[in-house]
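Hi,

Here is the structure I promised to pass on. Please have a look at it first, and then read my notes below.

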Amino acid sequence: MQLDERKMKILQAIIQNYLETGEPVGSRTISKYTDLHLSSATIRNEMSDLEELGYIVQPHTSAGRIPSDKGYRLYVDNMMREKEKEVEEIKEMLLEKEDKMDQLLKQVAKVLAVNTNYATMISAPQSRKNKLKFIQLSKVDRHQLLTVIVVEGNVIKNSMLHMQEELDDETILKLNILLNTHLNGLTVEEINLGMISMMKKQAGIHSDIVGGVIDAVADAIKADEDLEIYTSGTNNIFRYPELADNRKASELINTFEEKQMLTELVQETLADEKNMGIQVYIGEETPIKTMKDCSIVTATYELEEGMRGTIGIIGPTRMDYEKVVDTLKTLMHQLDALYKKK
(Lines give C-alpha, C1' and ligand atoms only; values in the text may rest on other atoms or scores of the structure.)
Protein backbone atom coordinates (compact mmCIF):
# COMPACT_ATOMS: atom_id res chain seq x y z
CA MET A 1 0.00 0.00 0.00
CA GLN A 2 1.31 3.42 -0.99
CA LEU A 3 1.05 6.04 1.74
CA ASP A 4 -0.75 9.30 1.04
CA GLU A 5 1.14 12.59 1.37
CA ARG A 6 -0.08 13.27 4.92
CA LYS A 7 0.95 9.86 6.27
CA MET A 8 4.30 10.09 4.45
CA LYS A 9 5.06 13.48 6.00
CA ILE A 10 4.14 12.23 9.47
CA LEU A 11 6.33 9.13 9.02
CA GLN A 12 9.24 11.27 7.84
CA ALA A 13 8.80 13.60 10.82
CA ILE A 14 8.77 10.64 13.24
CA ILE A 15 11.95 9.19 11.72
CA GLN A 16 13.81 12.52 11.57
CA ASN A 17 12.85 13.40 15.14
CA TYR A 18 13.78 9.94 16.41
CA LEU A 19 17.16 10.12 14.63
CA GLU A 20 17.87 13.47 16.29
CA THR A 21 16.71 12.64 19.83
CA GLY A 22 16.73 8.85 20.18
CA GLU A 23 13.43 9.18 22.08
CA PRO A 24 9.97 7.81 21.12
CA VAL A 25 7.97 10.47 19.28
CA GLY A 26 4.51 11.61 20.34
CA SER A 27 1.71 13.32 18.42
CA ARG A 28 2.29 16.66 20.15
CA THR A 29 5.91 16.70 18.95
CA ILE A 30 4.81 15.90 15.40
CA SER A 31 2.22 18.70 15.41
CA LYS A 32 5.06 21.17 16.03
CA TYR A 33 7.51 19.43 13.72
CA THR A 34 5.55 19.39 10.43
CA ASP A 35 3.89 22.04 8.28
CA LEU A 36 0.64 20.08 8.05
CA HIS A 37 -1.13 22.20 10.72
CA LEU A 38 -3.03 19.20 12.09
CA SER A 39 -4.41 18.71 15.57
CA SER A 40 -2.80 16.19 17.93
CA ALA A 41 -5.95 14.05 17.68
CA THR A 42 -5.73 13.85 13.88
CA ILE A 43 -2.03 13.00 14.09
CA ARG A 44 -2.76 10.27 16.66
CA ASN A 45 -5.24 8.71 14.21
CA GLU A 46 -2.70 8.81 11.41
CA MET A 47 -0.03 7.33 13.68
CA SER A 48 -2.42 4.50 14.59
CA ASP A 49 -2.86 3.76 10.88
CA LEU A 50 0.91 3.80 10.38
CA GLU A 51 1.30 1.39 13.30
CA GLU A 52 -1.32 -0.98 11.85
CA LEU A 53 0.50 -0.88 8.52
CA GLY A 54 3.75 -1.79 10.27
CA TYR A 55 5.71 1.42 9.63
CA ILE A 56 6.03 2.45 13.29
CA VAL A 57 5.89 0.60 16.63
CA GLN A 58 5.13 1.55 20.22
CA PRO A 59 7.95 0.50 22.56
CA HIS A 60 6.80 -0.73 25.96
CA THR A 61 4.06 1.46 27.40
CA SER A 62 5.45 4.72 26.04
CA ALA A 63 2.97 7.13 24.45
CA GLY A 64 5.44 7.76 21.66
CA ARG A 65 6.29 5.72 18.56
CA ILE A 66 9.55 4.73 16.89
CA PRO A 67 10.17 3.63 13.29
CA SER A 68 10.10 -0.04 12.37
CA ASP A 69 12.47 -1.64 9.86
CA LYS A 70 9.68 -1.36 7.30
CA GLY A 71 9.34 2.36 8.08
CA TYR A 72 13.09 2.91 7.72
CA ARG A 73 13.08 1.05 4.38
CA LEU A 74 10.32 3.26 2.95
CA TYR A 75 12.09 6.38 4.24
CA VAL A 76 15.47 5.36 2.76
CA ASP A 77 13.95 4.35 -0.61
CA ASN A 78 12.13 7.69 -0.87
CA MET A 79 15.24 9.57 0.20
CA MET A 80 17.33 7.81 -2.46
CA ARG A 81 14.77 8.66 -5.13
CA GLU A 82 14.83 12.30 -4.03
CA LYS A 83 18.64 12.40 -4.12
CA GLU A 84 18.66 10.90 -7.62
CA LYS A 85 16.08 13.50 -8.68
CA GLU A 86 18.23 16.32 -7.23
CA VAL A 87 21.29 15.10 -9.13
CA GLU A 88 19.27 14.87 -12.37
CA GLU A 89 17.95 18.40 -11.85
CA ILE A 90 21.50 19.67 -11.36
CA LYS A 91 22.63 17.83 -14.50
CA GLU A 92 19.79 19.35 -16.52
CA MET A 93 20.61 22.85 -15.29
CA LEU A 94 24.28 22.41 -16.13
CA LEU A 95 23.41 21.26 -19.64
CA GLU A 96 21.34 24.38 -20.27
CA LYS A 97 22.63 27.87 -21.06
CA GLU A 98 25.18 29.65 -18.90
CA ASP A 99 22.52 32.04 -17.64
CA LYS A 100 21.09 29.12 -15.62
CA MET A 101 24.19 29.09 -13.40
CA ASP A 102 22.49 31.20 -10.72
CA GLN A 103 19.63 28.67 -10.51
CA LEU A 104 22.13 25.85 -10.13
CA LEU A 105 23.97 27.58 -7.29
CA LYS A 106 20.74 28.39 -5.44
CA GLN A 107 19.72 24.73 -5.76
CA VAL A 108 23.12 23.55 -4.49
CA ALA A 109 22.85 25.81 -1.42
CA LYS A 110 19.31 24.54 -0.73
CA VAL A 111 20.23 20.86 -1.09
CA LEU A 112 23.23 21.29 1.22
CA ALA A 113 21.09 23.00 3.88
CA VAL A 114 18.47 20.24 3.78
CA ASN A 115 21.04 17.44 3.85
CA THR A 116 23.16 18.84 6.68
CA ASN A 117 20.62 20.83 8.78
CA TYR A 118 23.14 23.70 8.87
CA ALA A 119 23.28 27.09 7.15
CA THR A 120 24.99 27.11 3.76
CA MET A 121 26.49 29.54 1.24
CA ILE A 122 27.97 29.30 -2.23
CA SER A 123 29.64 32.00 -4.30
CA ALA A 124 29.35 32.39 -8.05
CA PRO A 125 32.54 31.35 -9.90
CA GLN A 126 35.08 34.08 -10.53
CA SER A 127 38.52 34.40 -12.05
CA ARG A 128 41.25 36.84 -11.13
CA LYS A 129 42.77 36.49 -14.58
CA ASN A 130 39.79 36.38 -16.92
CA LYS A 131 40.71 36.48 -20.58
CA LEU A 132 38.67 38.23 -23.20
CA LYS A 133 37.07 35.83 -25.69
CA PHE A 134 35.08 38.07 -28.01
CA ILE A 135 33.76 41.61 -28.60
CA GLN A 136 30.72 42.50 -30.69
CA LEU A 137 29.68 46.08 -31.51
CA SER A 138 26.10 46.54 -32.74
CA LYS A 139 24.25 49.74 -33.62
CA VAL A 140 21.17 50.37 -31.48
CA ASP A 141 20.25 53.75 -32.96
CA ARG A 142 22.00 56.77 -34.50
CA HIS A 143 23.87 57.67 -31.33
CA GLN A 144 24.21 54.40 -29.39
CA LEU A 145 26.38 51.30 -29.80
CA LEU A 146 25.78 48.08 -27.84
CA THR A 147 29.06 46.47 -26.76
CA VAL A 148 28.76 42.76 -26.00
CA ILE A 149 31.84 41.40 -24.19
CA VAL A 150 32.35 37.65 -23.69
CA VAL A 151 35.03 36.57 -21.20
CA GLU A 152 36.33 33.19 -20.00
CA GLY A 153 33.65 30.97 -18.55
CA ASN A 154 31.26 32.35 -21.21
CA VAL A 155 30.35 35.24 -18.92
CA ILE A 156 28.62 37.93 -20.98
CA LYS A 157 28.72 41.65 -20.15
CA ASN A 158 26.84 44.37 -22.03
CA SER A 159 27.65 48.07 -22.18
CA MET A 160 26.14 51.03 -24.07
CA LEU A 161 28.44 53.52 -25.83
CA HIS A 162 27.31 56.98 -26.93
CA MET A 163 28.36 58.15 -30.42
CA GLN A 164 28.67 61.77 -31.51
CA GLU A 165 27.71 60.84 -35.06
CA GLU A 166 26.11 57.84 -36.73
CA LEU A 167 28.40 55.05 -37.98
CA ASP A 168 27.71 53.01 -41.09
CA ASP A 169 27.79 49.20 -41.06
CA GLU A 170 31.19 49.03 -42.80
CA THR A 171 32.83 51.22 -40.14
CA ILE A 172 31.32 49.12 -37.31
CA LEU A 173 32.62 45.96 -39.01
CA LYS A 174 36.13 47.43 -39.24
CA LEU A 175 36.05 48.42 -35.56
CA ASN A 176 34.93 44.88 -34.62
CA ILE A 177 37.84 43.40 -36.57
CA LEU A 178 40.31 45.87 -35.05
CA LEU A 179 39.19 45.20 -31.47
CA ASN A 180 39.03 41.41 -31.75
CA THR A 181 42.34 41.14 -33.61
CA HIS A 182 44.24 42.95 -30.85
CA LEU A 183 42.33 42.05 -27.67
CA ASN A 184 41.08 38.46 -27.91
CA GLY A 185 42.83 36.10 -25.49
CA LEU A 186 44.25 38.88 -23.32
CA THR A 187 43.76 39.59 -19.63
CA VAL A 188 43.20 43.18 -18.52
CA GLU A 189 46.80 43.31 -17.24
CA GLU A 190 48.07 42.51 -20.74
CA ILE A 191 46.24 45.43 -22.37
CA ASN A 192 48.94 48.10 -22.07
CA LEU A 193 49.06 51.78 -22.97
CA GLY A 194 51.17 51.16 -26.08
CA MET A 195 48.58 48.73 -27.47
CA ILE A 196 45.72 51.13 -26.71
CA SER A 197 47.56 54.02 -28.38
CA MET A 198 48.21 51.92 -31.51
CA MET A 199 44.55 50.84 -31.73
CA LYS A 200 43.31 54.40 -31.33
CA LYS A 201 45.67 55.52 -34.09
CA GLN A 202 44.32 52.82 -36.42
CA ALA A 203 40.74 53.80 -35.55
CA GLY A 204 41.44 57.41 -36.60
CA ILE A 205 38.47 59.69 -35.97
CA HIS A 206 36.74 56.85 -34.10
CA SER A 207 39.45 56.57 -31.44
CA ASP A 208 36.99 57.63 -28.73
CA ILE A 209 34.92 54.50 -29.42
CA VAL A 210 38.00 52.30 -29.00
CA GLY A 211 38.69 54.05 -25.68
CA GLY A 212 35.12 53.44 -24.55
CA VAL A 213 35.30 49.75 -25.46
CA ILE A 214 38.60 49.35 -23.57
CA ASP A 215 36.96 50.84 -20.46
CA ALA A 216 34.00 48.47 -20.84
CA VAL A 217 36.35 45.49 -21.21
CA ALA A 218 38.23 46.49 -18.05
CA ASP A 219 34.94 46.72 -16.16
CA ALA A 220 33.86 43.31 -17.48
CA ILE A 221 36.98 41.37 -16.52
CA LYS A 222 38.36 43.29 -13.56
CA ALA A 223 39.16 41.25 -10.48
CA ASP A 224 37.09 43.22 -7.98
CA GLU A 225 33.71 42.82 -9.67
CA ASP A 226 30.68 42.34 -7.41
CA LEU A 227 30.63 38.88 -5.90
CA GLU A 228 27.31 37.03 -5.95
CA ILE A 229 26.68 34.79 -2.92
CA TYR A 230 23.68 32.48 -2.49
CA THR A 231 22.64 31.28 0.96
CA SER A 232 20.13 28.80 2.36
CA GLY A 233 19.12 27.19 5.65
CA THR A 234 19.64 30.27 7.81
CA ASN A 235 16.74 29.22 10.04
CA ASN A 236 18.57 25.97 10.80
CA ILE A 237 20.60 28.06 13.26
CA PHE A 238 17.61 28.03 15.62
CA ARG A 239 17.88 24.23 15.89
CA TYR A 240 20.93 24.64 18.13
CA PRO A 241 20.38 26.17 21.60
CA GLU A 242 23.91 27.60 21.80
CA LEU A 243 23.21 29.74 18.71
CA ALA A 244 19.53 30.45 19.24
CA ASP A 245 19.55 33.22 21.87
CA ASN A 246 18.25 36.52 20.52
CA ARG A 247 21.55 38.39 20.26
CA LYS A 248 23.60 35.63 18.63
CA ALA A 249 20.81 34.60 16.26
CA SER A 250 20.18 38.21 15.22
CA GLU A 251 23.88 38.77 14.46
CA LEU A 252 24.09 35.58 12.44
CA ILE A 253 20.94 36.38 10.46
CA ASN A 254 22.28 39.87 9.67
CA THR A 255 25.57 38.36 8.49
CA PHE A 256 23.70 36.14 6.05
CA GLU A 257 21.42 38.93 4.85
CA GLU A 258 24.05 41.66 4.38
CA LYS A 259 26.69 39.21 3.03
CA GLN A 260 29.58 41.68 3.29
CA MET A 261 31.52 39.52 5.75
CA LEU A 262 30.68 36.40 3.73
CA THR A 263 32.13 38.18 0.69
CA GLU A 264 35.34 38.93 2.57
CA LEU A 265 35.59 35.28 3.63
CA VAL A 266 35.16 34.11 0.02
CA GLN A 267 37.70 36.62 -1.33
CA GLU A 268 40.22 35.59 1.34
CA THR A 269 39.69 31.92 0.50
CA LEU A 270 40.04 32.38 -3.27
CA ALA A 271 43.09 34.66 -2.94
CA ASP A 272 45.24 31.91 -1.43
CA GLU A 273 46.14 28.97 -3.70
CA LYS A 274 46.70 26.87 -0.57
CA ASN A 275 42.94 27.01 0.10
CA MET A 276 41.99 24.89 -2.91
CA GLY A 277 41.01 22.01 -0.63
CA ILE A 278 38.64 21.93 2.34
CA GLN A 279 39.23 24.39 5.18
CA VAL A 280 37.75 24.00 8.68
CA TYR A 281 37.45 27.03 10.99
CA ILE A 282 36.42 26.18 14.57
CA GLY A 283 35.08 28.77 17.02
CA GLU A 284 37.68 31.51 17.56
CA GLU A 285 39.52 30.47 14.38
CA THR A 286 36.54 31.71 12.35
CA PRO A 287 37.44 34.86 10.36
CA ILE A 288 33.92 36.27 10.72
CA LYS A 289 33.48 38.07 14.05
CA THR A 290 29.76 37.29 14.41
CA MET A 291 30.44 33.57 13.95
CA LYS A 292 32.89 33.03 16.83
CA ASP A 293 30.46 30.51 18.36
CA CYS A 294 30.22 28.63 15.07
CA SER A 295 32.33 26.41 12.89
CA ILE A 296 32.68 27.06 9.17
CA VAL A 297 33.76 24.43 6.68
CA THR A 298 34.64 25.77 3.22
CA ALA A 299 35.62 24.16 -0.06
CA THR A 300 36.83 25.74 -3.29
CA TYR A 301 35.23 24.37 -6.46
CA GLU A 302 36.58 24.88 -9.98
CA LEU A 303 34.34 24.72 -13.05
CA GLU A 304 37.15 25.26 -15.52
CA GLU A 305 40.68 26.60 -15.32
CA GLY A 306 40.64 29.86 -13.42
CA MET A 307 36.87 29.87 -12.71
CA ARG A 308 36.54 29.24 -8.98
CA GLY A 309 34.01 29.70 -6.23
CA THR A 310 33.57 28.85 -2.55
CA ILE A 311 31.06 26.58 -0.84
CA GLY A 312 30.58 26.99 2.91
CA ILE A 313 28.64 25.20 5.65
CA ILE A 314 28.06 27.04 8.93
CA GLY A 315 26.88 25.37 12.12
CA PRO A 316 27.63 24.97 15.83
CA THR A 317 31.10 23.91 16.95
CA ARG A 318 29.58 20.49 17.72
CA MET A 319 28.70 19.98 14.03
CA ASP A 320 29.13 16.57 12.44
CA TYR A 321 32.48 17.37 10.79
CA GLU A 322 32.88 13.98 9.12
CA LYS A 323 29.48 14.23 7.43
CA VAL A 324 30.05 17.86 6.37
CA VAL A 325 33.50 17.19 4.90
CA ASP A 326 32.27 14.07 3.05
CA THR A 327 29.29 16.04 1.70
CA LEU A 328 31.50 18.84 0.40
CA LYS A 329 33.97 16.42 -1.19
CA THR A 330 31.14 14.62 -2.97
CA LEU A 331 29.62 17.89 -4.18
CA MET A 332 32.96 19.19 -5.49
CA HIS A 333 33.47 15.99 -7.50
CA GLN A 334 29.90 16.16 -8.86
CA LEU A 335 30.25 19.78 -9.97
CA ASP A 336 33.57 19.04 -11.62
CA ALA A 337 32.33 15.89 -13.39
CA LEU A 338 28.99 17.37 -14.48
CA TYR A 339 30.44 20.62 -15.77
CA LYS A 340 33.07 18.87 -17.87
CA LYS A 341 30.35 16.86 -19.62
CA LYS A 342 29.02 20.06 -21.19
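How many residues has α6, and how far does α6 reach from its first C-alpha to its last? α6 has 15 residues and reaches 21 Å, close to the 21 Å expected at 1.5 Å a residue (the expected span is 1.5 Å times one less than the number of residues). Helices (H or I, at least four residues) and strands (E, at least two) are DSSP runs, numbered from the N terminus.

Before going on, a word on the ground rules. This is a predicted model, in which local features need pLDDT of at least 70 and side-chain atom pairs count only at pLDDT 80 or more, while totals for chains, interfaces and linings use all residues. Residues are numbered from 1 along each chain as its sequence is written, and side-chain values use heavy atoms, with hydrogens and water left out.

The chain averages a pLDDT (the predictor's confidence in each residue, from 0 to 100) of 80, and 83% of the residues score at least 70. Confidence is lowest in helix α4 (residues 69–95), with a mean of 70, and highest in strand β1 (residues 56–57), at 92.

Just after α6, Gly-185 takes a positive phi of about 85 degrees.

Leu-183 and Ile-209 touch the most other members of the largest nonpolar core, which has 26 residues. Such a core is a set of buried Ala, Val, Leu, Ile, Met, Phe, Trp, Tyr and Cys residues joined through side-chain atoms within 4.5 Å. β4, β5, α6, α7 (193–203) and α8 (207–221) each supply at least two residues of this core, and α8 gives the most, with six. Beyond its neighbours within four places in sequence, Leu-183 is in contact (heavy atoms within 4.5 Å) with Leu-132, Ile-135, Ile-191, Met-195, Met-199 and Ile-214.

Strands β4 (residues 132–141) and β5 (residues 144–151) run antiparallel, joined by eight bridges; strands pair if DSSP finds at least two bridges between them. A hairpin of two residues connects β4 to β5, and Gln-136 stands opposite Val-148 in β5.

Finally, in α3 (residues 40–52), Ile-43, Glu-46, Met-47 and Leu-50 are buried. They lie on the same side of α3 because they cover an arc of only 105 degrees around the axis, taken from the directions from the helix axis to the C-beta atoms. The face turned away from the buried side of α3 carries the exposed residues Asn-45 and Glu-52.

Best wishes

Technical notes. Buried < 20%, exposed > 50% of the residue type's maximum accessible area, 1.4 Å probe, protein only.
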